[in-house]
Structure formats: structure tokens, C-alpha cells
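Take a look at the charged side chains in this protein. We will follow a few pairs and see which parts of the chain they bring together.

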Amino acid sequence: MLAWCIYISFGGAIIAALLPNSKPAVARWFALSVALLGLLHAVGGFIAGEGQGTQIFIDKLWVPSMGIHYMLVADGISRVLVLLTGIASVAGILFSWNIEVRTNQFFAFYLALIGGVYGVFLSGDLFLLFVFYEIAIVPKYFLISIWGSTRREYAAMKLALYSFVGSAMVLIGLLAAYATSGSHTTTLAGLAHAGLPVTFQMWCFPLVFVGFGILAGMWPFHTWAPTGHVAAPTAASMLLAGVVMKLGAYGCLRVAIGLFPQGLDPWGVTFLGLGSWRDVFAVLAVIGIIYGALVALAQTDFKFVIGYSSVSHMGFVLLGLVTLNQIGLDGAVLQMFSHGVIAGLLFAIVGRIVYDRTHTRQLGELEHMHLARRMPFAAWAFVLAGVASMGLPGFSGFIAELQVLVGAWRANPLWTIGAGVGIIVGVAYTWRALQKAFFSDIIPGAHVLEAEKAHPFVPITWPEVAGVALLGISTLAVGIYPRILLDQIEPAVKALLGGVQ
């Protein structure tokens, strides 16, 4: 059932490209139908996979001379991320209902990107995963460069270059692993049991981890992320933060840690207090958490606040991955889902609901507009998304970050202290943005009130309400009952740790 998510998305992309450009409404409804169909299959596959462990949907020899398979596989981690992709894809289309320029092409690229993301999460073969990973890069460039704003061509090229540099690093590692294994197979399971030499894993692990980590927004290779988020149209921002950054984190987990576990072993020497690649990447993750939060606190552009917030929150994912314990890795995967829906909601409110009506993202200008009074729906939607982002109990971010922090404490208490500083700063930048954009204490003059009455904002539309409801309910549901995802995540993480330890 999950395999159909890929085929439906790619098939929908081809048909969308052939739809008449003169009928944008047809393209919108068609794209929404395709995304909903993909979400239904994602939900169905998620439910059917309960207690099933790893499932192989298809395994066909693709390139016999190299032992490359067309192999689609899902375990609990994959099913959770496929579910996230389905939710994010539907929400993104709802918040793209205002696209009027080359609408059919926009949704064709959009659905092609979604198909590539589904493919990465379901690939059981290393080179098939890499193919889908590369497929997802191309639509990103066009979505930003054609439909974006704020130095869109620069942002699109920067994103593409960073992505391809990371991909080149990954490809070198994959080719080296294939040649070194001597097993004539490229399946993830086959390579994981190939007995790669420890010395090989020691240099290949950081190469592949950094290659994937670039797309995950790892500091100091994160600079593409805020620029890309700000320039991208709303749906593309939601996908970049919601699912594309998760491709990098997934690659770090499934490929770097899964295939080269001994690359995390101690070096035998200590340099600046660092004794292994695990220590190095944990420190980079903590720096990313704190740095992203501090820079977000200093921003005057509303969308840049959310962009740097994403860098900070992705630091929790990377930190959870290198804890190498059950609770830390559980938290990392749960944080992938949580950040996906929360960041998507934040970008939708800022980029679609607020910006399209006010035509500004500057907090200094927004605080004179009294949006809580003029757009109460947007204000309270941001309150919900903001407290979820801060990790308030009852939302998915709380249990995800709590697990990461507990896992980090068990690995090294200093990591937890650093991450805790980032959380405190996160509260500060969220409340600052909320107060300036929606609940300013500046008292409007009589002429301002008259101008507001003469020029009211466009009413909130039904797609916007539906999109907010979908993402808001998702983070609330997981926050109230996290077992709905953890029952699938925990067995998959346990199985993965069995190969690492």
C-alpha cells in the first residue's frame, strides 16, 4: 500500500504538467486529490504496519551487473515519515490555493518532489535511495526560482549547490562502501552485514554523515536553509522545513549510522576534549541549537525568525541521533515528525496568511497593524504553533525534545545543558515574534483605525482554515497520545541499535 504513495505522486506530476495552464482551478483540485490519495495510502500503510516490523513490498533486480535492486521496504521509522510526508503534502497544497502563475507546472514540480521524498523513505537499496534523493533536489530549485521571492534565484542556486555538494560526498561514500564490501549487493541490509573494516568506517562515516547533514541544516553548513525558506513560496517553505530537511536526517540515521556504526567508536586519542566522531557531531548539533535560536532572536524579518528556528530545532534531531541510545533515537525520529508539522504550520501562517494580506514580513511594521484584532484567526493559530514549537506539554514537540534531552543526558550531561540553553532562547524569540507581530502594545490613533476600516484584510479562506486544522490537530494528537507513533518507532529503533551496538 505504501509503495503506491510513490506511483500516485509521480503519476500525478506527469498529468498535472499536461493540464491546461488556462484553468488553474482544475490543477489545484487535481493536485489536492492526488495528495489526499497519497495521504490515504500513507495512513492505511501506517495502520496496517502496526506490529509488523520490517515489510518488503517489492524486490526486483534492477542493474544485475552491480547487484542494484529496485527494493521498497518499510519499518516503523519509514512509516512515520511517510505519514508526515502525506500530511505535509496536503497542507502545502491547501496553502498554495492562491497560485495563479503557471499553476499546472507548479503542482507538477510539487508532486514530483513529494514522489521523491516518498521514495527515499521507502528505499531498501542504497543506490535506489540515492536516485530518489537526487530526484527530490531538482523540483526544489524550480519551485523557488520561478515562484519564490526575495532573491529567489540566488536562494535556489545556493540550495541546489549545497545539496549537490552533499550528494557528491554521499556518493563517494556509497561507492567506496560498495567496492570495499565485496558483496556484490547494494541493499541496505546486505551492506550492513558486509563486515566493513573499522578503519574504513572511521573515515567513511563522517563523510556520509556530513553529506546528509548538510540537507538536515547541520551547523555550520546550514546557511542555505534560512535563505531558501525565506525565498521559497509558502508550500515550498513548508516542504523544505517539513520533509526535505528530514531527508538529510533520515540519511544520517539509515545510511551513515546504519552502515558505518563503528565509525562512531572512540579514536583512542582526545583532541580538544573530543574523542570520537560522536562527540564532534554532538557538539555541532548543540551549537546549531543555540546558534539558530540566538540568530532567530535577533531577526527583524518574520520569516527569517522561523527559518533560523528550523535550524535550531533540527539540531535536536541530530543530537538525538548521536546519543546512540533507545530513548534518544526515539526522540530524534519523533522530533522529525513533530518539527515537520509545527514548522509547516509556522511557515504557512507567516508566509501565506500574514504576508499575502499585509505585504510585509518586517516585525517593526507588523507591530503597528494590530493583527490580533484584525486577523484573530491568524493570531491564535500562531499562538498554537508557537507554544507547540516551544515544547509546551500537550504538543508533539514536548515529548520529542524531552526524549532527546534524556538520551543526551545519559550520553553526556553537558550536551543536555547546552541544548537547554537553546530551549530557553527559543521561548524568548517565539514570544518576541508573537508580541511584535500580533499583540503589540502600541496604541493606534484615530486615523489608523479609520484606515483599517476603509481597507480591511481579505477574509481567511477555507483552504487556510483546513490547512491549519490538519497541522494543528496532528501536533496535538501526537502530543496527547505519543504512543500512536512511538509504538512503531521504538521497535524499529531497537532493531537498528542492534546492528550498531
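A salt bridge is a side-chain nitrogen of Lys or Arg within 4 Å of a carboxyl oxygen of Asp or Glu. Side chains of opposite charge can pair when their charged atoms come close. The model here is predicted. By this rule, it has nine salt bridges.

Start with D301 and R361. They form a salt bridge, and their closest N and O atoms are 3.1 Å apart. Where do D301 and R361 sit in the chain? D301 is in the loop between α11 and α12, and R361 is in the loop between α13 and α14. The two are 60 residues apart, so the pair links distant parts of the chain. Both D301 and R361 are buried.

Now move to R357 and E464. Their side chains meet in a salt bridge, 2.9 Å from N to O. R357 belongs to helix α13, while E464 belongs to helix α20, so this pair ties together parts 107 residues apart in sequence. R357 and E464 are both buried.

K436 lies in helix α18, and E367 lies in the loop between α14 and α15. This pair also links distant parts of the chain, 69 residues apart. Are these two residues buried or exposed? K436 is partly exposed, at 21% relative accessible area. E367 has 15% relative accessibility, so it counts as buried. The cut-off for buried is under 20%.

Finally, some bridges share partners. In this way R352, D356, R357 and E464 join into one network.

Conventions:
Residues numbered from 1 in each chain as written. Predicted model: local features only at pLDDT ≥ 70, side-chain atom pairs only at ≥ 80, totals over all residues. Heavy atoms only, no water. Helix = DSSP H or I, 4+ residues; strand = E, 2+ residues; numbered from the N terminus. Buried < 20%, exposed > 50% of the residue type's maximum accessible area, 1.4 Å probe, protein only.
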